[in-house]
Amino acid sequence: MDKKNLQIETKCVQGGYTPGNGEPRQVPIIQSTTFKYATSEDMGKLFDLEASGYFYSRLQNPTCDTVAAKICELEGGSAAMLTSSGQAASFFSIFNIASCGDHVVASTALYGGTYNLFAVTMKKMGISFTFIDPDCTAEELDAAFQPNTKAVFGESVSNPALTVLDIEKFAKAAHAHGVPLIIDNTFATPVNCRSFEFGADIVTHSTTKYMDGHGSAIGGCIVDSGKFDWMAHAEKFPGLCTPDESYHGITYATKFGKEGAYITKATAQLMRDFGCSQSPQSAYYLNLGLESLHLRIERHCLNAQKVAEFLESHEKVAWVNYPGLKSNKYYDLAQKYMPNGTCGVVSFGVKGGRKAAEAVMKQLRVIAIETHVADARSCCLHPANATHRQMSDEELIAAGVPGDLIRLSCGIENYQDLINDLAQALETL
Ligand SMILES: *Cc1c(COP(=O)(O)O)cnc(C)c1O
């Protein structure tokens, strides 16, 4: 039986690791920075990328590779790597194929940390970004490209705006311009959204969120679909399609093919030079989370749906944003790209604005106030008082984060307890 054809639930539990006779049933934590070889010649082959193997855990570690292989199977990709955080994954995913003087088209509906990385830090490195409304027309999207554009980036379900990306529209535009589409699939996870099946070429994750799912370890992952033909656009991607002098003139796209070139280059160059590697201990926690991802995601989505429906019908609630609600702008796109559910995060506003939002949150007993999302425990955040505290009321509205917005991340508790908690808090208004 070919284990590649298993259902996603089975891959969550068993993917990436098949122990042999007498080997540990659980993924072993290889807590070692270094690995031993009999001869210098053996070692030399690894440094030349002539043989594959481990020599230093900044570049690769067996525990991390095993867990990356599981995520690779979940996404249906050809190669994957873990990174120290979601931020590192976002950075590497672009910096692997774009450098000073290049340009990237990105959706405006992004995680705040990603927006800062692109608009401030990567801009300082000489990479420019055009941010485009994900609801733009095909013509507007087309007009965002430049001759030096190297990639398109968007989130399948965005954090915190909960915008659902029209992945096929973005993939079509990217491919028409000879560049890959990179999707941050953190909120939807591969259990809900299979981006590669809709044309995405590369997927990134903050594994800190649903994949870990217990608030235990910061981490990230990059998965390559293996479908993008770098050599067909060799003039755009010299880093993949011309010899790498720092690796004795290897050309990644010819030596490792479509399936391996991108991740091999990111490992050999970016991990070597930046060292944003995940610790084997964190990868072990991540794997424990992955083993129950399919079960948890189902419950997160059920709870969010029930809570969103409750809030929508409540007289003291001004508005609710959840793509699983029929009234939601993104309902149809969500049905197309993630018919089993989107994520466990709901945002809403209470009548009475900012002050009322503060008052309601103070009364919550089951739902905790935290700067976090996508955790087994329900939590909420008032961005106007936390992540977006420096902004005026006008600036908050322009950023799509009005002063009354409460971001609620539904955990995996019983949804009636969450509804009761919200009901008693709203009652006090
Ligand atoms: C949290 C998050 C990130 C950043 O991940 P870290 O693990 O915190 O570095 C990136 N993208 C999305 C969608 C996120 O929610």
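Predicted model: local features only at pLDDT ≥ 70, side-chain atom pairs only at ≥ 80, totals over all residues.
**Two helix pairs**

Two packed helices are described by the angle between their axes and the distance between the axes. Here is how the pairs look in those terms.

| Helix pair | Axis angle | Axis distance |
|---|---|---|
| α4 (residues 86–95) and α5 (residues 112–124) | about 45 degrees | 10 Å |
| α3 (residues 62–75) and α11 (residues 280–291) | roughly 30 degrees | within 8 Å |

Take α4 and α5 to begin with. Their axes pack at about 45 degrees, and α4 and α5 are therefore oblique to each other. The crossing of α4 past α5 is right-handed. On the α4 side, the residues in contact are Q87, S90, F91, I94 and F95, and they meet G113, T114, L117, F118 and M122 of α5. Sorted by class, this contact has six nonpolar and four polar residues, with no charged ones.

Now turn to α3 and α11. Their axes cross at roughly 30 degrees, which makes α3 roughly parallel to α11. Here α3 passes α11 in a left-handed crossing. From α3 come T63, C64, V67, K70, I71 and L74, which meet P280, A283, Y284, L286, N287, L290 and E291 from α11. The classes in this contact are nine nonpolar, two polar and two charged residues.

Stepping back to the whole chain, the domain assignment divides the protein into domain 1 (7–288) and domain 2 (293–426). The C-alpha centres of these two domains are 29 Å apart. In the contact between them, 32 residues of domain 1 touch 30 residues of domain 2.

The size of an interface is often given as the accessible area lost when the parts come together. For domain 1 and domain 2, the buried area is about 2700 Å², and 64% of it lies on carbon and sulfur atoms. Within domain 1, L162, N192 and Y210 lose the most area to domain 2, together accounting for 28% of what that side buries.

**Two backbone details**

Most residues other than glycine have a negative phi, and most peptide bonds are trans. Two spots are worth a look with that in mind.

What is the phi of L49, which is not a glycine? For L49 the value is positive, about 60 degrees. This residue sits in the loop between α2 (40–47) and α3.

Is the peptide bond from N159 to P160 cis or trans? That bond is cis, with omega near 5 degrees. You will find P160 in the loop between β4 (149–155) and α7 (167–176).

How values were computed. Residues numbered from 1 in each chain as written. Heavy atoms only, no water. Axes fitted to C-alpha atoms, helices over the stretch in contact; angles between N-to-C directions. Helix = DSSP H or I, 4+ residues; strand = E, 2+ residues; numbered from the N terminus. Parallel < 35°, antiparallel > 145°, perpendicular 65-115°, else oblique. Left-handed = near helix turned anticlockwise from the far one by under 90°. Contact = heavy atoms within 4.5 Å. Nonpolar A, V, L, I, M, F, W, Y, C, P; charged D, E, K, R; others polar. Domains from an automatic or database assignment. Buried area = accessible area lost by both parts, 1.4 Å probe.
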